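This briefing concerns the structure shown below. It is arranged by topic for reading alongside the sequence.

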Amino acid sequence: LGTGLVVLLIFLLAVRLFVPYYIENNLCARIADQLKVNSVHCEVRSFGITHLDISDISVGDIKEPFLKIDSMRINYSLIGLLFRDLESIAISGLELQAGFVSGRIYIPGLDIGSLGKGGMAAKKSSPRNLFPVTIGYCVIRNSELEISLDGRTQRIPFEMAMHYRRGASQD
């Protein structure tokens, strides 16, 4: 029993150290490649068996990211992770830069048109497969959309909450 407990503790410590490293170094780079952007950066503040806290998220150019998030907390259960179910995501301090020109929305540094082409989105045409996980509840607080309209920049503060309803029509 003593050796098994030591092995378990060493394994848990290794996971505790590896997951934040993997997210900050490998996962961010993979997301940047998929979005075809210069950089995706984040810092893992806390990681446990029921939550993940990430801060200082930025997406886009290193000096001028089009998306910044102060903090994001993801709550989950171990059983839920097996079924790709997240209990909740709480985002605070989201800042998104966008614009509107010639009847089209754009995000500087992101090719919106290429997001739906290729990769997993092309292989799975059903709308329920847009996200690889189910999110029970998502809340965005203290956030702001910075949008350029007719050469002027407008800042639009917003907050929103979304709740997944099981059994609801996916059409």
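This is a predicted model: local features need pLDDT of at least 70, side-chain atom pairs count only at pLDDT 80 or more; totals for chains, interfaces and linings use all residues.

How many salt bridges does a search of the whole structure find? The search finds four.

- Arg 73 and Asp 53 meet through their side chains in a salt bridge, with an N to O distance of 3.0 Å.
- Arg 73 belongs to strand β3 (residues 65–75) and Asp 53 to strand β2 (residues 51–60), so the pair ties together parts that are 20 residues apart in sequence.
- Arg 73 counts as partly exposed because its relative accessibility is 32%.
- Asp 53, by contrast, is buried, because its relative accessible area is 12% and the cut-off for buried is under 20%.

- Glu 95 is partly exposed, with a relative accessible area of 34%.
- Lys 68 is likewise partly exposed, at a relative accessible area of 36%.

**Salt-bridge network around Arg 155**
- The side chains of Arg 155 and Glu 146 form a salt bridge at 3.0 Å, N to O.
- A network of salt bridges links Glu 144, Glu 146 and Arg 155.
- Arg 155 is classed as exposed because its relative accessible area is 52%, and the cut-off for exposed is over 50%.

**Nonpolar surface patch**
- Leu 5, Leu 8, Leu 9, Phe 11 and Leu 12 make up a nonpolar patch on the surface.
- Together, the residues of this patch have about 500 Å² of accessible area.
- Leu 8, one of the patch residues, is located in helix α1 (residues 2–35).
- The relative accessibility of Leu 8 is 44%, which means that Leu 8 counts as partly exposed.

**Surroundings of Ser 39**
- Ser 39 is placed in strand β1 (residues 39–47).
- Ser 39 counts as buried because its relative accessibility is 14%.
- Leaving aside residues up to four places away in sequence, Ser 39 touches Ala 32, Ser 58, Val 59, Gly 60 and Ile 62.

Methods. Residues are numbered from 1 along each chain as its sequence is written. Side-chain values use heavy atoms; hydrogens and water are left out. Patches are made of residues with over 30% relative accessible area and no salt bridge: like charges are joined within 9 Å, nonpolar side chains (Val, Leu, Ile, Met, Phe, Trp, Tyr) within 5 Å. Accessible areas come from the Shrake-Rupley method with a 1.4 Å probe; for residues, only the protein chains shown count as cover. Helices (H or I, at least four residues) and strands (E, at least two) are DSSP runs, numbered from the N terminus. Buried means under 20% relative accessible area, exposed over 50%, partly exposed in between (1.4 Å probe, protein chains only). Contact means heavy atoms within 4.5 Å.
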